Structure formats: C-alpha cells, structure tokens
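This report walks through one structure, section by section. Start with the view below.

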Amino acid sequence: MIMNSGIPLEFYLVLATVMFFTGIYGFLTRRNLITMLMSVELILNSVNINFMAFNRFLFPGKLEGHFFSLFVIAVAAAEAAVAIAIIINIYRRFTTINVEDVNQMKY
Amino acid sequence: MNPESFMIMRHELVLTLAFVFILVAEVFTGERNKEKIKSIAVALFAIVTAAGFLPAATGSLFGGMYEASGTTTLMKNILNIGTLIVLIQSYTWLGRPENRDRIHEYFLLLISTLIGMNFMISSGHFLMFYLGIELATIPLAALAAYDRYQNRSAEAGIKLILISTLSSGILLFGLSMIYGVTGSLYFPEVAAKLTSVPLVIMGFIFFFAGMGFKMSLVPFHLWTADVYEGAPVNVTSYLSVISKGAAAFIFIIILFRVFPVISMTWEKVIWVIAVMTITIGNLFALRQKNMKRFLAFSSIAQAGFFLLGFIGGNRLGMTTVIYYALIYIFSNLAAFGVVSVIAEKTGKENMDDYDGLYRTNPGLSITLMLAMFSLAGIPPVAGFFGKFFLFVAAAEKGFYVLVTIAVLNTIIALYYYLLVVKAMFINKSEAPIASFRSDFMQKLGLAICIAGIVVTGFASGLFEMIRNLSYGI
C-alpha cells in the first residue's frame, strides 16, 4: 500500500547512490580521522535509504528492509563508539588526528 | 526453546557462558590475583573446544535465520582449535606487567569475536550474516589497539576499524541491490529468485569487494600489512588465521548456496582476483624485512590459494578449502608462535636478527623450518597435500592456466620461505639471539602446532571426513 507516491523509486535510488559515492570520495580524500568516520556513516546511511526505498516501493507487504536498516543504524553506532575511542588514543599518542601524520608503518 | 535447540547452537551458547564466567571471575578476584584469570580462561576455553566435539545436532532456528549443519559444526570446531592455540601462545605475553590489570579484556574481546564468527558461519539470513561479521570485526579493532602505550598498536587499530567499516558499507550496498531484485534476505529464497540481471551482477561485485576486504584479497589488501605489523603478535596471529579462515568459510558457503545462478560471472571474477592475489602477495613478500610484515604478505598469498578451491564450485573445492584452512591454521600459528616467543624474549622482529638462530636455539629453528615448509608446500608436511588438493579441485573444472600460474607462484613462495630457513641455518651472525628456554605454555602451543602439521598431512581419514560433510553447487 503506497500512499502519496509523488516521488518515484528512482529518485531515492539516485540519492542513495550519490550519497554512497560521496562517502567513498570523502573517505579517500579527507585527511581528518573524524571526517573519514563521517564519510563511512554517509555510506551506511545510503545503504539504509536503499533498503527502505526498495522495501516500501517493491515489497510493501514485508518489513525485512526496514528491520535491516534499524540494525545497520545500531551497529554503526557501535562502530563509531569503538572508532572514536581509538581516535582518542591516537590523539594522545600522536597529538594529532591527521592521517598523514599517523604513518609509523609504511611498505 | 527445547533442549534440542540448545544443542543446535551449543557453540555460541557455550562461548557466551564462558564470556559471562570470565566477566564474573574478573569482578570477584582481588587486585593481586588478576594473573589467575588467564589460567581460568585458557582452561575454560579448552572445555569449550571439547564441548564443540559433542555429537552434532543439526537444524535451523529462529525461522531459518540460524542454521547448523555438519559442515558448520566442523568449521566452528576448526576455529575453536585455532583459537585455543592462540590463547596458549599468548599466555606468557599476558603476564607482562603492563597487561596485568586488563588480562580479562583480551579474553572477552577475543571470545566475542569468536561468537561473531560462529554466528556468521551458521547464518541463514543476510541480517544474521551482517551482525556476525560486525561482531567479529569491531572487537578485533579494539584488540589490535590493545597495546595502549604503543603508537603502532593505536595506528593498527584505527586502520582496521576504518577499513572494516568501509568494507561493510560496500558489502551492504551490494546486499541492498540484491534485496531490491529478490525481495528477500533468506539464503534459500535469494538463491531461488536470483537471476542474472545487471543489478544483481552489480550488487554481487559490491558484495565481493566487501568480502575481499575482509579476506584481504589483492586490490583490497593494503591495510593487511600495516595492521599485522602494528598489532601485538598474538593478535596478529589471530587476525591472520582465525579471522581470515572464518571469512573464507562464510564466503564459500554464500557463493555455493546463494549465488550458484551467476556462477559463470563469479568464476571470472575469482580467476582474475586469484591470480592477482597470489602474484602480488608473493612479490611483496619478497622484499619484507620485518617478520610480521613478511608473514602478512605470505598470508595474502595464501588467501589467493584459498580462491582456487572456490572457483570450481565443486564438492572437492569446498573440501580442500576446509582442509587447507586446518593446515594453514597449524602452520601459520607455528610460524607466529616462534616469532612471538622470540619477540617476547628479545624484542627482535627482523629477519636479519634470525641469523644463526639454529646454533643458539635449535628447537625454535626446527619448528619455524617445519612451518615454512608447510606454508611453502614441501612434500612430507601437510601443506603439500593441501596445495595439491587445491590444484586438483581447480583442475577438475578445467582451469589449467590458473593452476599453472599458481604452481609457478609456489616456486616464488618457496624462495622467500627458504630465505628464512637460510637465515637460521646458514647465515653467520656476529651477535645471534642468545640461547634461552621457553616456558611450558609456549612449548605446549608450538608442540600442538607441530603435531597438527605432521598429523593432518598423513591422516587421510580426516580428508575423507571433511569430504563427507562438504557440498558443491
């Protein structure tokens, strides 16, 4: 049952894809660890949009996509918690969170 | 829940019980007795490993989200054995003064990753798979950053967590496309509704890239060496053996169960990735001086050999992947065991430091030599049989070019594995590592590995048993 279907599915998918690749681009170009983490969150949110859009438009009788995105949100929070804990440790060790300076190991 | 369902997921339940027990034990031990936790934990884990061998109960739970079969039980038992060896090897390291007040953290994090891997292996639904994979990787990042006062350890931790979140994001993006086509996330339903439309292929490529990060296949391998070098040695051995083995297991299960319809596509992908992984892993291993980095690149190359078992989609392929994983666990843990013993006693990790090791520490040298022979695949030891069967599995389906490239690569691999042996036995050194005695737990860990290397090579019944539990497309 789709109410108010003014916005077609394609728009959601395009939005999600743009978000996904923005996330990838940000992850590869940004040099601040927190910003890199934010880029990853962008990727995970694009996945959520994808799941929910597919679920609502194509399989409105089921809830699998919605459930999946709920779990993704929860797990992303856990990931962010661990990542930020390690980033704080990095800041204590290196007094910076710029990835260019966190480079003790190369080749 | 009735008693049978407890039996079906006994691996996870027993591990959870062990987790809670260690947590409680930590609360109730006084400041001075923290050392005892590690003995309790290792003993407990030995019981967990033994409990895994109880007669297998099979079936599915939670409406098909969780499935246990003979195959998954076997895989979990292999992972349990490997983890037990890792715990025994890390026993001495945990006794260091700086680790004393957080011994329990090591065990808790390690056990929770193992629970995640077990859930991942017996998942029948992509949600369970995703939760398992995250439970297996998030605590691992914390483990990699375990040496709180080492810059390298923190660096390894952040590299691991960022890469693993990125890779799960990519993997999920692929899954969402597959969901869009099939409308389900249960493995059997996805397999039934899957067709070879472009969106599915696209989704599969994203999925493959995500799994490639987890298994450190070649275009996605760059994190491996840094994380392996920076993390504490025992965590590195866990990462390179158990974590990678679990990823290989679930990857082959998903390929065989969910994606058989597009097997023509993934055969080509795996062909290219396997060649790249083996070749580049080997070429980079040639120039490494640090033993941990060296073993990291060797483990990348070994992951490429796993792919030879995937490619045919045949029953022999799955058998050899499981068999090779078992051998790989013993050989790689023997190598890491020696490296960790030496790093523990002397703090030396470079290959030059190993010059003349045979004169001062013959036992360790012979262990490391056996491990290197097994990794390289020299006949009397187990690694040879593993590699041989992998080649047979790929050749059975007619991938002769791939097998030829792989065989040529084993020659390169043989060269750099023998470099280590040469350093120990032939090279002269002004100041070799002084002779020392390893303690009981270190000896025990290495003895189990050597026994494993020798026995798995000769016990043909083992191969037959694994074969009976495997399946093809």
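How many C-beta neighbours lie inside 10 Å of B:Phe62, and is B:Phe62 buried or exposed? B:Phe62 counts as exposed, with 12 C-beta neighbours inside 10 Å. A residue is buried if 20 or more other C-beta atoms lie within 10 Å of its own, exposed if 12 or fewer, and partly exposed in between; C-beta atoms are placed from the backbone.

## Basis of the model

This is a predicted model, in which local features need pLDDT of at least 70, side-chain atom pairs count only at pLDDT 80 or more, and totals for chains, interfaces and linings use all residues. Residues are numbered from 1 along each chain as its sequence is written, while chains are lettered from A and ligands numbered from 1 in the order in which they are written.

## Positive phi in two loops

B:Phe62 sits in the loop between strand S1 (59-61) and strand S2 (66-68) of chain B. Helices (H or I, at least four residues) and strands (E, at least two) are DSSP runs, numbered from the N terminus. The phi of B:Phe62 is positive, near 50°, in a residue other than glycine.

B:Ser216 also has a phi near 50°, positive and not in a glycine. Its loop joins helix H9 (198-215) and helix H10 (222-230) of chain B. B:Ser216 is buried, with 29 other C-beta atoms within 10 Å.

## The interface between chains

On chain A, 34 residues are in contact with 30 residues of chain B. Contact here puts the C-beta atoms, placed from the backbone, within 7 Å. Helices H1 (9-29), H2 (33-58) and H3 (64-94) of chain A each give two or more residues to this side. H3(A) gives the most, with 17 residues.

The side of chain A that touches chain B has 26 nonpolar, 5 polar and 3 charged residues. Ala, Val, Leu, Ile, Met, Phe, Trp, Tyr, Cys and Pro count as nonpolar, Asp, Glu, Lys and Arg as charged, and the others, Gly among them, as polar.

## H3 and H4 of chain B

H3(B) (residues 36-52) and H4(B) (residues 70-94) pack at about 165°, with axes 9 Å apart. Therefore H3(B) is roughly antiparallel to H4(B). Axes are lines fitted to C-alpha atoms, for helices over the stretch in contact, and angles run from 0 to 180 degrees between N-to-C directions. Angles under 35 degrees count as roughly parallel, over 145 as roughly antiparallel, 65 to 115 as roughly perpendicular and the rest as oblique.

The contact includes B:Phe45 and B:Val48 of H3(B), and B:Leu84 and B:Ile88 of H4(B). By class, it has 10 nonpolar, 5 polar and 2 charged residues.

H17(B) (residues 382-396) and H18(B) (residues 400-425) pack at about 160°, their axes 8 Å apart. That angle makes H17(B) roughly antiparallel to H18(B). In H17(B), B:Lys387, B:Phe391, B:Ala394 and B:Ala395 meet residues of H18(B), including B:Val403 and B:Thr410. The contact divides into 8 nonpolar, 1 polar and 1 charged.

B:Gly377 lies in the loop between helix H16 (362-376) and H17 of chain B. B:Gly377 is buried, with 24 other C-beta atoms within 10 Å. Not counting residues up to four places away in sequence, B:Gly377 touches B:Gly383, B:Phe384, B:Lys387 and B:Thr410. B:Gly377 and B:Lys387 are 10 residues apart in sequence and 6.5 Å apart in space, C-alpha to C-alpha.

Methods: Contact = placed C-beta atoms within 7 Å.
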